[in-house]
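Please take a look at the protein shown here.

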Amino acid sequence: MVLLKNRRFLLVFALLLTIGLVLGACGSSDDGGETSGGSNDSGNNDQNAEEGGNGDFSVAMVTDVGGVDDKSFNQSAWEGLQAFGEENGLSKGEGFDYAQSESDADYTTNLNRLVRQDYNLIFGIGYLLQPAIEEVAGQYPETNFAIVDSVAEGDNVASITFKEHQGSFLAGVAAAKKTKSNQVGFVGGVEGDLIKKFESGFVAGVKSVNADIQVDVQYAESFAAADKGKLIASNMYSKGIDVIYHASGATGNGVFAQAKDLKKNNPDENVWVIGVDRDQYEEGAIGDTNVTLTSMVKRVDVAVKDVATQAMNGEFPGGEVLEYGLDDDAISIARTNEEALNEDIIGAVEEWKQKIVNGDIDVPSTREDLDGYLDSL
């Protein structure tokens, strides 16, 4: 009897063991069907690259302090990500997103947060994010990063730059052809090598048309201080300056506000603003009139969309410096205000554009180069 009971026990035990192994195999198969989609899932990334589709590809950006709705630089970058998402069947929060920076202290925090959320590609919008990009990219070599308007070190970092001085030169030509007082102004955000490219190109363009035109250059030392932009513009306009070109992000909203205030109080007031980064025609609207002469359009959206597409297709340009300019239509002068930008101005802009594209003119990008250029006029 004891032997029989032992045999029955062993038989039941073996049967239970077999059932457990079968159920375990089924559970393992179900778990294996769930894919991560994160940037650190190298196998998933390789498969995505081979197929050439979006798969689980995801992309995000960290704004500068101007914010995603600064009507300028950050907004243009966000529009590029949105266009990329729409083209590839993605939606905000489900394939692409952004992290807002309220101060420079947020840069590293936002980048790290997006890495933890497993985004495949993360953009830093603006040169001020360069140190943070380099730091975080060094810590996460399996994630791809891109910096706009600066050059950063790292095999997993793409550096996106533009020939802003070329477009600014054309903005200077337009300003010189439009001014009636022979006085124009330039309002910069934070003074540094990048914004000096805008300044140098603008001054060169103005002086190329008329060397006697005075150019007043001032900096607000912020890309997010509309009140300072308004104050600087007020002082400039009160001195007789009638065209102001701003390269100051959200600070430029104050320049537009001041020009519109003057125009509202006196419709015959001859004041103009040249926008930057995106076509800022709408920012200058006052009823049936508009104070936006033109804008130096810098297609940050085109560059962001282009790099995101390359990354999705497994062709991320890590370690490379990309430069977009007049010759690939990434830099241009907006013609939206047809009433203000007459044929004479458009003709002059086109003439100088051809000289730049043909290599007849080497537009200065620094103050030192500008000095040499002005001496040659």
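In helix α4, which spans residues 106–116, the buried residues are Y107, N110, L111, N112, L114 and V115. Buried here means under 20% relative accessible area, exposed means over 50%, and partly exposed lies in between (1.4 Å probe, protein chains only). Helices (H or I, at least four residues) and strands (E, at least two) are DSSP runs, numbered from the N terminus. This is a predicted model, in which local features need pLDDT of at least 70 and side-chain atom pairs count only at pLDDT 80 or more, while totals for chains, interfaces and linings use all residues. Residues are numbered from 1 along each chain as its sequence is written, and side-chain values use heavy atoms, with hydrogens and water left out.

- An α-helix has 3.6 residues a turn, so residues three or four places apart point the same way.
- The buried residues of α4 pack against the strands β1 (59–62), β3 (95–99), β4 (121–125) and β5 (144–148), and against helix α5 (130–139).
- After α4 comes D118, which has a positive phi near 65°.

## The protein as a whole

- The secondary structure comes to 12 helices and 15 strands.
- Of the 377 residues in the protein, 50% are buried.
- Contact means heavy atoms within 4.5 Å. Among contacts between residues at least 6 apart in sequence, 68% join residues at least 24 apart.
- The accessible surface is about 17,300 Å², and 46% of it belongs to carbon and sulfur atoms. Accessible areas come from the Shrake-Rupley method with a 1.4 Å probe; for residues, only the protein chains shown count as cover.

## Two residues and their contacts

- Is F223 buried or exposed? F223 counts as buried, because its relative accessibility is 12%.
- F223 sits in the loop between β8 and α8. Not counting residues up to four places away in sequence, F223 touches several residues, including D64, G66, Y127, L128, S248 and T251.
- F223 and G67 are 156 residues apart along the chain, and their C-alpha atoms are separated by 9.8 Å.
- Q183 belongs to strand β7, and Q183 counts as partly exposed because its relative accessibility is 22%.
- Leaving aside neighbours within four places in sequence, Q183 is in contact with residues including I213, Q214, K239 and I241.

## Salt bridges

- How many salt bridges does a search of the whole structure find? The search finds 15. A salt bridge is a side-chain nitrogen of Lys or Arg within 4 Å of a carboxyl oxygen of Asp or Glu.
- E191 and R367 meet through their side chains in a salt bridge of 2.9 Å, N to O. This pair links distant parts of the chain, 176 residues apart: E191 is in the loop between β7 (183–188) and α7 (193–209), and R367 is in helix α12.
- E191 is partly exposed at a relative accessible area of 36%, and R367 is partly exposed at 30%.
- D301 and R299 also form a salt bridge (2.9 Å, N to O). D301 counts as buried at 15% relative accessibility, whereas R299 is partly exposed at 31%.
- K92 pairs with D97 in a salt bridge, with the closest N and O atoms 3.4 Å apart. D97 is buried, with a relative accessible area of 16%.
- A network of salt bridges links D149, E164, K197 and K298.

## Positive phi values in loops

- E221 is a residue other than glycine with a positive phi, near 60°. E221 lies in the loop between β8 (214–219) and α8 (226–238), and counts as partly exposed at 44% relative accessibility.
- D329, also a residue other than glycine, has a positive phi near 60°. D329 lies in the loop between β14 (321–324) and β15 (331–333), and counts as exposed at 58% relative accessibility.
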